[in-house]
Amino acid sequence: MITGGAGSGKTSFALQLATTFGNTGMWLVSRWPDKDKEQVASSSFAWKIIETDPLLPEIIDTINVQSNPYTARNRVLVIDSIAVWLYGEVKAASSLHLDTKAMKAHVEQRVEELVQSILAYQGAILVITNEMNSGWDEMTPHLRLFHNWLPAINARLAARSKQLYLLTSGIAVELLSKQVKFGRDLG
């Protein structure tokens with residue numbers, strides 16, 4: 001899992017890290033890449049870029065089901081990004097004009113589908129997400145849902161991650177190493 005603030009270099013780092021896991025990659029983007037697309041084009045690593053909005057959980061499941069288990073070991077899946085996907089889901093739920101309880105239930109179902117698809121994936125997977133900023137000025141119901149759900153998703157995925165990187169100004173720090181412990185028994 002790779003997390004950090006907006007513009008911290010998460011995508012660039014993830015694409016570089018992915019090349020250490022195999023010889024082909026699938027880059028699942030929730031927003032069409034701009035600057036990072038050039039990095040992929042100049043890479044000797046074989047990439048397939050798939051735009052996923054709003055079907056990220058379904059696309060991950062399809063890739064997992066249709067994958068040859070022998071070739072899946074040589075391929076890495078990069079999910080870019082949970083935050084962008086979640087914002088799109090919350091915004092879409094808001095446009096359905098549901099009451100707050102129904103909107104929360106709708107988003108909760110979609111979040112559960114995403115988390116389960118990621119956890120069920122057989123192969124190397126890098127998940128890019130954002131750290132949630134505090135102190136938002138305006139909290140509409142859909143922004144409140146986003147603000148509450150992103151840290152919850154991040155915590156669930158981080159708890160199951162073998163590596164967790166935090167990026168700040170293009171510098172990555174591995175948080176689950178033996179040198180850094182945050183209340184988790186790392187063995």
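## Helix packing and strand pairing

In this predicted model, helix α6 meets helix α7 through Thr100, Met103, Lys104, Val107, Glu108, Val111, Glu112, Val115, Gln116, Ile118 and Leu119 on the α6 side, while α7 contributes Pro141, His142, Leu145, Trp149, Ile153, Arg156, Leu157 and Arg160. By residue class, this contact of α6 with α7 comprises eleven nonpolar, three polar and five charged residues.

Two packed helices are described by the angle between their axes and the distance between the axes. For α6 and α7, which spans residues 141-160, the axes cross at roughly 25 degrees and come within 11 Å. An angle under 35 degrees counts as roughly parallel, and α6 and α7 are therefore roughly parallel to each other. Their crossing is right-handed.

Helix α6, residues 100-120, also packs with helix α5, residues 82-95, and here the angle is about 150 degrees. Because angles over 145 degrees count as roughly antiparallel, α5 and α6 are described as roughly antiparallel to each other. The crossing in which α5 passes α6 is right-handed. On the α5 side the contact is made by Ile82, Trp85, Leu86, Glu89, Val90, Ala93 and Ser94, and these residues meet Met103, His106, Val107, Arg110, Val111, Leu114 and Ile118 in α6. The residues of the contact of α5 with α6 divide into ten nonpolar, two polar and two charged.

| Helix pair | Angle between axes | Distance between axes |
|---|---|---|
| α5 and α6 | about 150 degrees | 9 Å |
| α6 and α7 | roughly 25 degrees | within 11 Å |

Turning to the strands, β6 covers residues 165-168, with Tyr165 and Leu167 on its covered face and Leu166 and Thr168 on its uncovered face. In a regular strand the side chains alternate between the two faces of the sheet.

Strand β6 pairs with strand β1, residues 2-4, in the parallel sense over three bridges, and within that pairing Thr3 stands opposite Leu166. With strand β7, residues 171-174, β6 pairs in the antiparallel sense over four bridges, and here Leu166 stands opposite Val173.

Key: Residues are numbered from 1 along each chain as its sequence is written. This is a predicted model: local features need pLDDT of at least 70, side-chain atom pairs count only at pLDDT 80 or more; totals for chains, interfaces and linings use all residues. Side-chain values use heavy atoms; hydrogens and water are left out. Axes are lines fitted to C-alpha atoms, for helices over the stretch in contact, and angles run from 0 to 180 degrees between N-to-C directions. Helices (H or I, at least four residues) and strands (E, at least two) are DSSP runs, numbered from the N terminus. Angles under 35 degrees count as roughly parallel, over 145 as roughly antiparallel, 65 to 115 as roughly perpendicular and the rest as oblique. A crossing is left-handed if the near helix is turned anticlockwise from the far one by less than a right angle, and right-handed if clockwise. Contact means heavy atoms within 4.5 Å. Ala, Val, Leu, Ile, Met, Phe, Trp, Tyr, Cys and Pro count as nonpolar, Asp, Glu, Lys and Arg as charged, and the others, Gly among them, as polar. Buried means under 20% relative accessible area, exposed over 50%, partly exposed in between (1.4 Å probe, protein chains only). Two strands pair if DSSP finds at least two bridges between them.
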